Amino acid sequence: MPAPASMPDWYQKGLPHIWLPYSQMQSAPPPLAAQSTQGSHLTLTDGRTLVDGVAAWWTACHGYNHPHIRQAVARQLEVMPHVMFGGMVHEPALRLASRLCALLPGDLERVFFTDSGSVAVEVAMKMAIQYRLNKGERQRTKMLAFHGGYHGDTLATMAICDPEEGMHHLYGPALTEHVIAPLPVDVASTQAFLSLLASHAHELAGIIMEPLVQGAGGMLFHTPEVLRTVRAAADRYDTLLILDEIFTGFGRTGTMFACEQAGITPDIITLSKALTGGTMALAATIARKHVFDAFLSDNPEHALMHGPTFMANPLACACANASLDLFEAEPRLEQVATISARMSTWLEPCRSLPGVRDVRTLGAIGVVELDRIANPDALRQQLVAHGAWIRPFRNIVYLTPAFTISEHDLAFLCRTIHTVLGNQA
């Protein structure tokens, strides 16, 4: 992947030493060089401005460079950029923990901070497994996950992603074997799920799922009734339910958390991505009271043995608190509802294009599903050429814009998708 001669010196010198994510760097086009961000716009070093349709991998819910978050970072930087969280706490983390628990349903009341979504899920798995170990149930160490699911790129989380359709099938021989079930979306799949659960309940520590939307699995939607079915089944077999709301949390599906639409409370929930408004890395794993209580003991081995170096970083917690301020002060959920209605209307013309299988919208998620995308990199380049930053993957072209995106920019993104896909025919 040679650097174009017209690029800045830092790009020319640095590109030969970088390893890019999800990219075959021998054949992929050179990456774009970002210079600055503002709102829903990305400015490149060559002077071009792109409208960002994916909000920095679903994180920048308030748009880029929101002044309230920027000011919170500046204030915290002056006082305390970082301090270890082992044997010490600080105001930004404790205030954030109490605010998150107040927002979440039920008795989700104990927050464990990490710095990435994958690690938050790993911690959730460790909590569920050790919950059983602390109760003397040493055989219950596996997880039940679902086809189409994605929960991260680390070794433990890869093992609970879709083993065949997902991006991690190559690692199969190195991964722990868990139980992968069909999502119970109809009578047949529900019977298959319940049968697998009944057969394996004796060895399961927990059930993990993405509520309402399986994101990296292809933006696959399911109804709140599916969540209620899984919650009831978990209760029946005394199995902890973990909801991975790293993508769906903080308004993306139309409610602050997707589980609200089903009226259920998970035993453990994982949050990240939009937690800080897309400004800094932070994640949280939050457990209900009965889960935490199983770790209270005179036995030191009953403690949760996990502690990232940058756990509860004060700068990141300040960002997250500022992001929650914006959810309180500005009409984010109303904005999501408006975006949803507009995308439903403006993406619908794509349904009549050749090769389009489906068009669907949920909250601030808009999806055009195709029969196939032969070359996602080439399609992305065509979208960029029109001025849109959109990253097709698998067989979908999707939008997950900032909740603050203007009507003009959202219309432009939808129109660009229709134009580019129409040119493929």
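Predicted model: local features only at pLDDT ≥ 70, side-chain atom pairs only at ≥ 80, totals over all residues.
Biologist: Now strands. How do I read the two faces of one?

Modeller: In a regular strand, side chains alternate between the two faces of the sheet.

Biologist: Which strands does S2 pair with?

Modeller: S2 pairs with strand S1 (residues 34-38) in the antiparallel sense, over four bridges. One of the links is Thr37 with its bridge partner Leu42 in S2. S2 also pairs with strand S3 (residues 49-52), again antiparallel, over three bridges. There, His41 has Val51 as its bridge partner in S3.

Biologist: What should I look for in the turns?

Modeller: Look at the glycines here. The hairpin of S1 and S2 has two residues between the strands, and Gly39 takes a positive phi near 60 degrees. The hairpin of S2 and S3 has four residues between its strands, with Gly47 in the turn at a positive phi of about 95 degrees.

Biologist: And helices? Why would residues a few places apart point the same way?

Modeller: An α-helix has 3.6 residues a turn, so residues three or four places apart point the same way. Take helix H4, residues 91-103, as the case. Its 13 residues reach 18 Å from first C-alpha to last, close to the 18 Å expected at 1.5 Å a residue. Buried residues in H4 include Pro92, Leu96, Arg99 and Leu100.

Biologist: What covers the buried residues of H4?

Modeller: Several elements do, among them helix H3 (67-79), strand S4 (108-114), strand S11 (268-271), strand S12 (283-288) and H10.

Biologist: Let me try single residues. Is Ser189 buried or exposed?

Modeller: Ser189, found in helix H7 (residues 187-200), counts as buried because its relative accessibility is 11%, and the cut-off is under 20%. Its side chain reaches the backbone nitrogen of Val185 at 2.9 Å. A polar contact of 2.6 Å also joins the side chains of Ser189 and Asp186. Leaving out residues up to four places away in sequence, Ser189 touches Pro182, Leu183 and Pro184.

Biologist: How do I use a database annotation? Which residues does UniProt list for "binding site"?

Modeller: The unreviewed UniProt entry lists Trp57, Tyr150, Lys273, Gly307 and Arg391. These are spread over 335 residues of sequence and also spread in space, up to 33.7 Å between C-alpha atoms.

Biologist: Where does Tyr150 lie, and what is it in contact with?

Modeller: Tyr150 lies in the loop between strand S5 (142-146) and helix H6 (155-158). Beyond its neighbours within four places in sequence, Tyr150 is in contact with residues including Tyr22, Cys161, His168, Glu210 and Asp244. Its side chain also makes a polar contact with the side chain of Asp153, at 2.8 Å.

Biologist: And Gly307, buried or exposed?

Modeller: Gly307 is exposed, because its relative accessible area is 56% and the cut-off is over 50%. You'll find Gly307 in the loop between helix H9 (289-293) and helix H10 (314-329).

Notes. Residues numbered from 1 in each chain as written. Heavy atoms only, no water. UniProt positions renumbered as here; feature names shortened; annotations may be inferred. Contact = heavy atoms within 4.5 Å. Polar contact = N/O pair within 3.5 Å; in protein donor to acceptor, adjacent residues only side chain to side chain. Buried < 20%, exposed > 50% of the residue type's maximum accessible area, 1.4 Å probe, protein only. Expected span 1.5 Å × (residues − 1). Pairing = 2+ DSSP bridges.
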